[in-house]
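We will go from stop to stop, selecting as we go.

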Amino acid sequence: MVKKRLYLELENCIGCRSCLAACTQCGGHEQRNRNYVYDVNPLVNRQTMPLMCLHCVNPACARSCPAQAIQIHETGAVLSALVEKCIGCQNCTIACPYGIPKFDTEQNLMYKCDLCIDRTKDGIPPMCASVCPSNTLQWLTDEEIEAKQKQFNLDNGKWVTSMPYLEGETNVRVNLPGILQGVTKLF
Amino acid sequence: MQATNKMQMNSASTKKSTINDAFASKFAKSMFLTVLGIAVLMFIGTRMFTHIDLNLYGYMVGTIVFLGGFFYRFIAWGERPPTKIILKKGLKLVFSKRTAKTAVSHLAIYDFIKKRGFYRWMQHVLIGWGCILACLVTFPLVFSWMYFTMDDNGYYTVVVMGMDLLEIKADGIIAWFSYNALNISAIMVIAGVCMALYRRAKNMQARAEQKFIYDLMPLYLLLFISITGLLLTIQNVFLHGWMQPQMSLIHQFSVILTLIYLPFGKLAHIPFRPMSVLARNYREHYGEQNMKACKVCGDHFVSVEQSNDVIHVLGVNHIEFNMEDGFNLAELCLPCRRKYRISRFSGVPTHQVKVKEANQNARG
Ligand code: HEM
Ligand code: SF4
Ligand code: SF4
């Protein structure tokens, strides 16, 4: 099985929030979405961007968890809290550099993106990437991501896939080709 | 983008010589003291070893092996920086007024599991309380902290820790519950485990992440214990004790196997869940003392203590999120932190725009 990654081209986002709806439908998600879509400059324009767990290589959330409730899957996915282990201290929500983990006070339980592990462990794309209509969220091999890099021909050194533009090395790759090239979006 | 990953050196604290120096490791010390404690309690409970039930010898050995695994696993775990902080600060607050209320809600009636669903709650009450009841009966018998003697008058004397606690009528209601406590607990556990197995077979939510060794094995082990235990009674009552010695060995084997598995698999949550009470105390206590105001919007979102502790723990792991804008990411409330990330992606100061985040819940 070829290893694929979640790849984000943030500026393609049209704000339809399909990814949020799809997230609720993943097995193990108990009908609740674990991702976000933000207005970039709400009083000025309609640009939106999705925000997901980037599945850090050295995840702050897991390092800060006193219960070892956040496990790292062999695929690199940083899993949601184990339901019998999470003691509800909320360290992980404070530790994550992107504010990703959500906390349910009543259930005393943290839940976060697990990259739809029951799908991605078998090579099936995560729900969000499966439904995204604007190619903001894609499920690609490393070669395909490299090809993107060539396609956008960013010789200004501004290929934002990971370090040093993020807080740390991540398994998810992020890109903003248009904004970095100074190209205006057509839609 | 300018996150720096600096090493944070912990200055070695000056060492005082303590009782700890007498042992090669914390492991040896905990093991020694616990076994010693059990031996002393046995000595008292058995009126100087005159009342040991050697049929239960296997359980005794099993318990000692379990303690080995338990200390091995939990000492390593307690040394992790975030665990250490909650343990230390939580234990200091353990005598606060809150503890009793939180402990009952978290450890006895599992309120929070009910919020995850009535079925899941019912299932856990049956399994959890079934097991606790069984342990409350079994272990005092194994270590002879409790036993029964009978005089000719039709009354049992219950002896607890070497003292005659009470006399009960051999065919009375208390006696009936005592004989049947283990049968009742077995039926509770079987019912609860069947509910769990059914849920794991039918419910896609439960199936998504389950693994055999982690999720199913503990259920089969509990089922194995309960069924062999019940069979013992059936053999006794209906089959005149046919094959009972053999079944008794199988039953002991199942209990010992489970005890050995316990510190390593899913059941490890049992000895360690009381931590949730410590964590709640920690959050409530420091939350009342001093709340952290978000460096962007000023909202109070966590205690100053916890924010600092998390920054410290991440530092020990060589993770540091100090931003050029003069704050650590752990000092921003969650919506501001997410907006700040968007602003770093887009170059637009999203976190400065005074508009509440759009609804992020797909179900409204
Ligand atoms: C100290 C008190 C205990 C607490 C606070 C506790 C807490 C929990 C929690 C939160 C879960 C997850 C339930 C869910 O979300 O569906 C769980 C699962 C479980 N607990 Fe406990 N537990 C305790 C004691 C016990 C005991 C004594 C047993 C008996 C062996 C036990 C056996 C189990 C089992 C087998 C599961 C897994 C159920 C499944 O497969 O779905 N627990 N526990
Ligand atoms: S982005 Fe946050 S939640 Fe996701 S792995 Fe990294 S620290 Fe954990
Ligand atoms: S809230 Fe749960 S998952 Fe998060 S750090 Fe605390 S124990 Fe771990």
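How much area is buried between chain B and chain A, and what percentage of it do carbon and sulfur atoms give? The area is about 5700 Å², and carbon and sulfur atoms give 57% of it. Buried area here is the accessible area (1.4 Å probe) that two parts lose on being put together, summed over both.

Before the tour goes on, two notes. This is a predicted model, in which local features need pLDDT of at least 70 and side-chain atom pairs count only at pLDDT 80 or more, while totals for chains, interfaces and linings use all residues. Residues are numbered from 1 along each chain as its sequence is written, chains are lettered from A and ligands numbered from 1 in the order in which they are written, and side-chain values use heavy atoms, with hydrogens and water left out.

**Stop 1: where the chains meet**

Colour the two chains differently. At their interface, 63 residues of chain B are in contact with 67 residues of chain A. Contact means heavy atoms within 4.5 Å. Now select B:Gln205, B:Phe345 and B:Gln360. These supply 13% of the area that chain B buries against chain A, more than any other three residues.

**Stop 2: ligand 1**

Select ligand 1. It lies between chains A and B. Its shell has 24 residues, and the closest are B:Arg116, B:Arg120, B:His124, B:Arg200 and B:His269. A residue is in the shell if one of its heavy atoms lies within 4 Å of the ligand.

- B:Arg116 has a polar side-chain atom 2.8 Å from an oxygen atom of ligand 1.
- B:His124 has a side-chain N or O atom 2.6 Å from a nitrogen atom of the ligand.
- B:Arg200 has a side-chain N or O atom 3.0 Å from an oxygen atom of the ligand.

Which helix gives the largest share of the shell around ligand 1? Helix H6 of chain B does, with seven residues. Helices are DSSP runs (H or I, at least four residues), as are strands (E, at least two), numbered from the N terminus. Other helices of chain B that supply at least two shell residues include H7 (173-202) and H9 (212-238). By type, the shell holds twelve nonpolar, five polar and seven charged residues. Here Ala, Val, Leu, Ile, Met, Phe, Trp, Tyr, Cys and Pro count as nonpolar, Asp, Glu, Lys and Arg as charged, and the others, Gly among them, as polar.

**Stop 3: ligand 2**

Move to ligand 2, which has 14 residues around it. A:Cys53, A:Cys56, A:Cys61, A:Cys96 and A:Lys112 come nearest. This shell divides into twelve nonpolar, one polar and one charged residue.

**Stop 4: the largest core**

Select A:Ile70, B:Ile86, B:Phe143, B:Phe272 and B:Met275. They have the most contacts inside the largest nonpolar core, which has 48 residues. Such a core is a set of buried Ala, Val, Leu, Ile, Met, Phe, Trp, Tyr and Cys residues joined through side-chain atoms within 4.5 Å. Buried means under 20% relative accessible area, exposed over 50%, and partly exposed in between (1.4 Å probe, protein chains only). In soluble globular proteins, nonpolar side chains tend to be buried together.

Centre on B:Met275. Beyond residues up to four places away in sequence, B:Met275 touches A:Pro66, A:Ile87, B:Trp77, B:Thr83, B:Ile86 and B:Leu87.

**Stop 5: B:Thr63**

Find B:Thr63 in helix H2 of chain B. Is B:Thr63 buried or exposed? B:Thr63 counts as buried because its relative accessibility is 7%. Leaving aside neighbours within four places in sequence, B:Thr63 is in contact with B:Phe139, B:Phe143 and B:Leu259.

**Stop 6**

Select A:Asn35, in the loop between helix H1 (18-24) and strand E2 (36-39). A:Asn35 is buried, with a relative accessible area of 4%. Its side chain reaches the backbone oxygen of A:Cys19 at 3.2 Å.

Finish at A:His73, in the loop between strand E4 (70-72) and strand E5 (78-81). A:His73 counts as buried because its relative accessibility is 15%. Its side chain makes a polar contact with the side chain of A:Thr75 (3.0 Å). A polar contact is a pair of N or O atoms within 3.5 Å; within protein, one must be able to donate a hydrogen and the other to accept it, and residues adjacent in sequence count only if both atoms are side-chain atoms.
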